[in-house]
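Take a moment with the sequence and the fold before reading on. The paragraphs below go from strands to core to ligand.

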Amino acid sequence: MTTKFLLAEADLPTHWYNVVADLPNPPPPPMGPDGKPVGLDALAAIFPPGLIEQEVSAERWIAIPEEVREILRLWRPTPLHRAHRLEAALGTPAHIYYKNESVSPAGSHKPNTSIPQAYYNRIVGVKRLATETGAGQWGCSLALAGRLLGLEVRVYMVKVSYQQKPYRRSMMQTWGAEVFASPTTLTNAGRQILEKHPDTPGSLGIAISEAVEEAAGRADTNYALGSVLNHVMLHQTVIGLETRKQMELAGDYPDMVFASCGGGSNFAGIAFPFFADKAAGSNVRLVAVEPTSCPTLTKGVYAYDYGDATGLTPLLKMHTLGHDFVPPGIHAGGLRYHGASPLVSQLVHEGLVEAMAIPQLETFEAGVLFSRTEGIVPAPESTHAIAATLRAARECTRTGEAKTLLFNLSGHGHFDMSSYDRYFAGELQDYEYPTEAIRESLSHLPKIA
Ligand SMILES: *Cc1c(COP(=O)(O)O)cnc(C)c1O
């Protein structure tokens, strides 16, 4: 009975997989408010050429630079686990596997992209990176990458998370980054929001506005985004490429693949390489799991919208709740984003990827069961994937089917213990679907000329 399926360092992928090569339709391009596709020069103000190339590439395979692979080898390949104890606790005939992305130094999948992003900036002489962070996972990942590749990092951290997760801030500072609670008074975007909503808990959309404004205004500084964009989805495919080999070692193949979805990158990371199989005829089902309080894929509209709260970014065709939607302060901070990856959105829109939403209490219940059987305390974001897997496993118990279920354990919850405390104290709630707030923010979608 094998518990972990391990690859050698030599098995670390040499290329990223670009899902665009297998899409039935070409992705709609980013647009300006004038309704014209944005020129690549507009992106060049905040991104380096290597990443812009990847952003628009349709090449199926893109080589991973050797220096990036060397750093990824600090923790990759990551283990694939068979969750024998969880299966036993559920009494399910299902086979449950999880890919363990919690073993990175930052504790999540995010360094898979922060490292190459810092690399492509450094090779063109960029000295500083500005970014936003929700729960702090991305800020930590970029702080780590900046340290390992020799760039300064400044992080705008969503205020509610800054207060809930002080040790994430400490961790970023340990790696040498500067951290501010967003909105700040350092940027026009921050000052504008504070004037209207002095008590705002902040949001990823607002923090993105601040970081983009800083990067656009300084020649030595670029912007780095932890999710949503095509190049981020690309970098994360190391997860699924490894997992496909590991499932082969296990002599099994998933019927369903689950991952939590904030901006879509850990989902894309595990699911896109399996989408390549699906495009070639496999029946594998790919399921993105989001919170009911921020239901971008299940209740949002598929439309052009801004990536940030104040409208500084190009318009992306994606599922969105409206760029000025501020989600309730749920504890899965990394899933509080109004939009989603254009690639993931397109696949959901075309019916090739499924989406579901799960309420907060069910996700914590799933996280506790997972901790008590498999041992690892999962990040509140990851518990969404676990809860969805549990639903499918319990369905197998009812029907007697022995399905193979795979989920992405996107991170551990060691910096989220105050959220677990509040769950145990009975202080967490399920938020109603914020119908009114979403209707209001959707009425502000940009009208394209
Ligand atoms: C950031 C984060 C997520 C959500 O972001 P995606 O881009 O959708 O992957 C999920 N899990 C963890 C642990 C995270 O840090």
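A residue counts as buried if 20 or more other C-beta atoms lie within 10 Å of its own, as exposed if 12 or fewer do, and as partly exposed in between; the C-beta atoms are placed from the backbone. This is a predicted model: local features need pLDDT of at least 70, side-chain atom pairs count only at pLDDT 80 or more, and totals for chains, interfaces and linings use all residues. Residues are numbered from 1 along each chain as its sequence is written.

Start at strand β7, residues 152-158. Six of its seven residues are buried, so the strand is mostly covered. Helices (H or I, at least four residues) and strands (E, at least two) are DSSP runs, numbered from the N terminus. Two strands pair if DSSP finds at least two bridges between them. Strand β6 (residues 128-133) runs parallel to β7, and six bridges join them. Here E132 has Y156 in β7 as its bridge partner. The chain goes from β6 through α6 to β7, a right-handed β-α-β crossover. Right-handed means that, with the strands pointing away from the viewer, the path from the first strand over the helix to the second runs clockwise. β7 also pairs with strand β8 (residues 178-182), again in the parallel sense, over five bridges. R154 stands opposite E178 in β8.

Now turn to an open sheet of seven strands. Its order is β1-β4-β5-β15-β10-β11-β14, with mixed pairing. β1 (4-5) and β14 (354-358) are the edge strands, each pairing on one side only. Within the sheet, strand β5 (residues 95-100) and strand β15 (residues 404-409) pair in the parallel sense over six bridges. I96 has L405 in β15 as its bridge partner.

Next comes the core. A nonpolar core is a set of buried Ala, Val, Leu, Ile, Met, Phe, Trp, Tyr and Cys residues joined through C-beta atoms within 7 Å. The largest one has 118 residues, and A259, A271, A288 and V344 touch the most other members. Helix α17 (residues 382-399) gives the largest share of this core, eight residues.

What surrounds the ligand? There are 20 residues around it, and the closest are Q137, S227, G262, G334 and G411. A residue is near a molecule if its C-beta atom, placed from the backbone, lies within 6 Å of it. α6 (137-149) and α13 (265-279) are the elements that give two or more residues to this shell. α13 gives the largest share, three residues. Domain 1 (15-65 + 109-230) and domain 2 (77-107 + 237-442) both contribute to the shell, so the ligand lies between them. The domain bounds come from an automatic or database domain assignment.
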